[in-house]
Number of protein chains: 2
Amino acid sequence: MTELSGNCLIGQSGGPATVVNASVAGLITEALNHGCIDEIYGALNGVAGILHEDLIDLAAESQQTIRGLRHTPGAALGSCRAKLKNPQDFDRALEVIKAHNIRYYFHIGDGDAQEFAVKLAELAKAQDYDLRVIGVPKTIDNDLPGTDHSPGYGSAAKFIATTVRELSADAEATAHHDIVTIIEVMGRNTGWLAAAASLAKRRDQPNDPPHLVYVPEVAFSSGKFIDDVRRILKRELHCVIVVGEGLVDTDGNYVAVETTEVGAPAQLGGVGEHLRELVEQQIGAKVRVSRLGVAQRAAAHVASKTDAEEAFLAGQAAVKAAMNGENNRLVTLLRGDGDHYTCETGLTNLAEVVGNVKKLPREWINEDGVSMNFQFFRYATPLIQGELAVPYDNGLPTHVRLHGERVSKLLGGYES
Amino acid sequence: MTELSGNCLIGQSGGPATVVNASVAGLITEALNHGCIDEIYGALNGVAGILHEDLIDLAAESQQTIRGLRHTPGAALGSCRAKLKNPQDFDRALEVIKAHNIRYYFHIGDGDAQEFAVKLAELAKAQDYDLRVIGVPKTIDNDLPGTDHSPGYGSAAKFIATTVRELSADAEATAHHDIVTIIEVMGRNTGWLAAAASLAKRRDQPNDPPHLVYVPEVAFSSGKFIDDVRRILKRELHCVIVVGEGLVDTDGNYVAVETTEVGAPAQLGGVGEHLRELVEQQIGAKVRVSRLGVAQRAAAHVASKTDAEEAFLAGQAAVKAAMNGENNRLVTLLRGDGDHYTCETGLTNLAEVVGNVKKLPREWINEDGVSMNFQFFRYATPLIQGELAVPYDNGLPTHVRLHGERVSKLLGGYES
């Protein structure tokens with residue numbers, strides 16, 4: 001393999017995740033180790049930054065800032081949900097990449113977002129431009145196939161389990177009021193995040209809250225739901241329910257879809273309120289609904305150290321893969337076989353994760369359909385271990401912002 | 001003053017607060033220092049436990065458990081919102097207290113909850129029963145008069161400021177989308193909690209999020225609101241708004257009241273959704289609404305060390321006051337005059353806090369009505385300092401539960 005000299009570019013895409021900036025830090029740190037990489041650029045706001053040639057010089061950032069990325073939520077480079085459809089847009093993206101002699105492109109994102117990376121790699125190949133494209137996985141939803149788990153999931157799981165445990169303590173304090181607590185979590189089509197709430201149970205205390213966990217992998221029936229809630233209220237006086245936003249009924253339709261503009265993709269959410277109505281109307285108990293919302297992907301102050309370290313590692317691994325001549329590949333996380341949890345990185349084809357979703361295995365869910373068995377606990381427990389050391393200043397966790405020194409534009413403006 | 005020998009009883013009342021159990025720990029710890037206190041009892045579920053003679057032996061709890069109360073959210077003894085109205089209920093409460101030779105009653109609660117303590121003290125006096133009643137303040141709302149601040153507020157403020165800072169980082173990552181982020185916080189009739197979100201701003205960065213803070217102390221006008229949002233969107237591309245649930249319009253009516261049963265007290269909440277509609281209809285920007293919900297009073301994993309220590313101190317001070325012969329008094333927190341923050345305890349009459357609410361001073365709010373000035377920052381910043389050392393086990397913060405050894409009942413059953 002011949003050494004390929006030139007610049008590298010990093011882009012973030014899709015919704016932010018708590019540790020997504022740790023992958024940026026890993027990429028930059030590793031890129032500095034390789035002499036064939038001249039400049040380390042970042043694209044502002046994902047693919048939008050490439051199209052509009054909004055690039056910044058990441059090597060010019062202070063070391064302090066790069067270190068601080070490891071505990072900064074959001075997406076330091078800015079993100080973007082736009083999906084390029086127009087072939088001219090891809091041509092333009094490659095034109096910008098060529099103009100800046102980018103030879104390595106690292107794309108941090110979920111399954112949807114990686115479609116851009118695949119198409120860019122294909123276009124470069126078709127135009128015989130030597131570009132190595134490596135994807136870095138990121139999603140709190142944990143639904144990427146081909147990887148044991150995704151950076152972002154462990155921290156979201158830790159936040160959810162922590163919060164469910166705390167809200168349950170509050171609910172227990174008022175348990176004699178016959179209160180039903182409903183906690184709605186994210187997870188568009190999979191139950192990984194809802195299942196993570198089960199981690200709030202103490203060891204060998206299956207009756208601990210959350211008492212009922214509803215995941216999209218198990219078709220929802222309102223009759224069974226009411227029976228479930230009645231059973232728990234009889235046993236515990238109060239009932240803590242966790243529900244994933246993407247819950248579907250026996251016909252495969254979403255149980256709750258928020259009203260949205262005509263033609264726009266379905267905006268999930270509101271399933272907690274839907275369950276509230278069922279309980280109020282059919283049982284008459286008092287209900288409190290909490291939606292954990294964006295904090296699930298932003299609560300860096302309670303991030304998993306394991307997750308943050310793996311996100312950094314995934315960034316480093318992407319650069320190493322590119323140095324090894326890999327192209328059109330996605331970094332994966334591989335779990336060791338031993339009893340003691342270990343994790344190393346691997347690679348899969350980028351195209352494998354586009355449009356494919358990994359669901360929570362049905363055999364990890366108990367027969368009752370509302371609780372997880374030991375297989376899930378064995379899987380998820382290692383991912384929330386350790387507390388990220390977030391520096392506090394004046395009582396609050398600190399974040400960094402990139403200085404963002406602009407790279408001079410070499411091309412004219414662009415309207416997509 | 002003659003020494004008064006007998007048992008003491010602790011009750012918790014009103015909604016839980018993150019550090020309310022630290023006051024229980026302070027009470028027990030101090031009570032053990034005084035030989036004239038024989039038994040240390042707790043009433044389960046507040047006044048309900050007194051009426052039904054559901055008492056537990058707190059001295060029988062392990063030291064480990066009592067220490068663990070300092071980082072356990074909820075209300076370890078159980079709480080209660082019931083207000084006694086029936087005179088027989090008060091007679092019964094005093095009957096139970098006499099039967100168990102209770103000579104010291106410590107009541108942890110907010111202003112509403114302290115009404116019970118006042119009436120109990122008056123009844124005991126009328127019946128010539130030597131009982132010393134001391135209240136311990138507790139409310140995340142921070143609306144108790146007569147005290148510089150209330151235990152519970154600092155931790156809620158720290159949680160809110162932390163979360164607003166994290167949600168803002170997420171919002172900034174997608175700022176080019178022209179997104180309005182609305183964060184709804186608690187605070188029934190005062191803006192203390194909403195104002196605390198301002199602490200998320202970095203020092204000397206007044207343009208940091210949150211960009212607009214709406215508090216009940218400033219009458220809400222939808223016209224000005226839309227102008228405010230337009231101004232911020234022009235300057236920042238995105239806009240982070242924090243709003244207190246108890247917002248009122250120029251006529252003094254709540255801006256948003258959730259539908260509730262006829263005759264029940266108004267259930268606040270939903271003001272975030274109300275503002276969403278205004279923005280969507282009149283500006284057409286995309287809006288995300290987060291309601292921070294019960295986590296504001298339960299997020300022990302991010303509790304303020306200062307707050308937890310003061311809650312413990314308030315518990316200790318209550319016992320000391322009782323030992324000094326005080327009765328029908330509330331422990332208060334007094335701030336020192338120096339530049340360096342100091343806090344000691346004082347006492348006020350219990351009746352002073354019943355039905356009275358301390359509002360956020362108007363002169364601490366800037367002329368624009370949507371931001372706080374240095375007087376608020378000087379007041380609130382010390383209250384969120386320090387991180388409570390919460391022990392983690394298996395990736396999650398640990399809580400304790402009382403063993404709850406029951407005290408034998410001496411009276412017959414009671415139906416209120």
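Let me begin with strand S12 of chain B, residues 329–335, which is joined to S13(B) by seven bridges, the two strands running antiparallel. If you look for B:Arg335 in this predicted model, you will find that its bridge partner in S13(B) is B:Cys343.

Stepping back from that pair, S12 and S13 of chain B belong to an open sheet of seven strands, and the order across it reads S3-S2-S1-S4-S5-S12-S13, with mixed pairing. Where does this sheet end on either side? Its edge strands are strand S3 (55–57) and strand S13 (343–349) of chain B, each of which pairs on one side only. Between neighbouring strands of the sheet the average turn is 30°, with direction ignored.

Now to the interface, where 47 residues of chain A are in contact with 47 residues of chain B. On the side of chain A that touches chain B, the elements contributing two or more residues are helix H6 (153–173), strand S11 (286–291) and strand S15 (396–397), each of them from chain A. Which of these gives the most to that side? H6(A) does, with 11 residues. As for the composition by class, the side of chain A that touches chain B holds 20 nonpolar residues, 18 polar ones and nine charged ones.

Finally, a word on confidence, since everything I have shown comes from a prediction. For the complex, the predictor gives an ipTM of 0.95 along with a pTM of 0.96, and for chain A the mean pLDDT is 94, with 97% of the residues of that chain reaching 70 or more.

Key:
Residues are numbered from 1 along each chain as its sequence is written. Chains are lettered from A and ligands numbered from 1 in the order in which they are written. This is a predicted model: local features need pLDDT of at least 70, side-chain atom pairs count only at pLDDT 80 or more; totals for chains, interfaces and linings use all residues. pLDDT is the predictor's confidence in each residue, from 0 to 100. Two residues are in contact if their C-beta atoms, placed from the backbone, lie within 7 Å. Helices (H or I, at least four residues) and strands (E, at least two) are DSSP runs, numbered from the N terminus. Ala, Val, Leu, Ile, Met, Phe, Trp, Tyr, Cys and Pro count as nonpolar, Asp, Glu, Lys and Arg as charged, and the others, Gly among them, as polar. Two strands pair if DSSP finds at least two bridges between them. Axes are lines fitted to C-alpha atoms, for helices over the stretch in contact, and angles run from 0 to 180 degrees between N-to-C directions.
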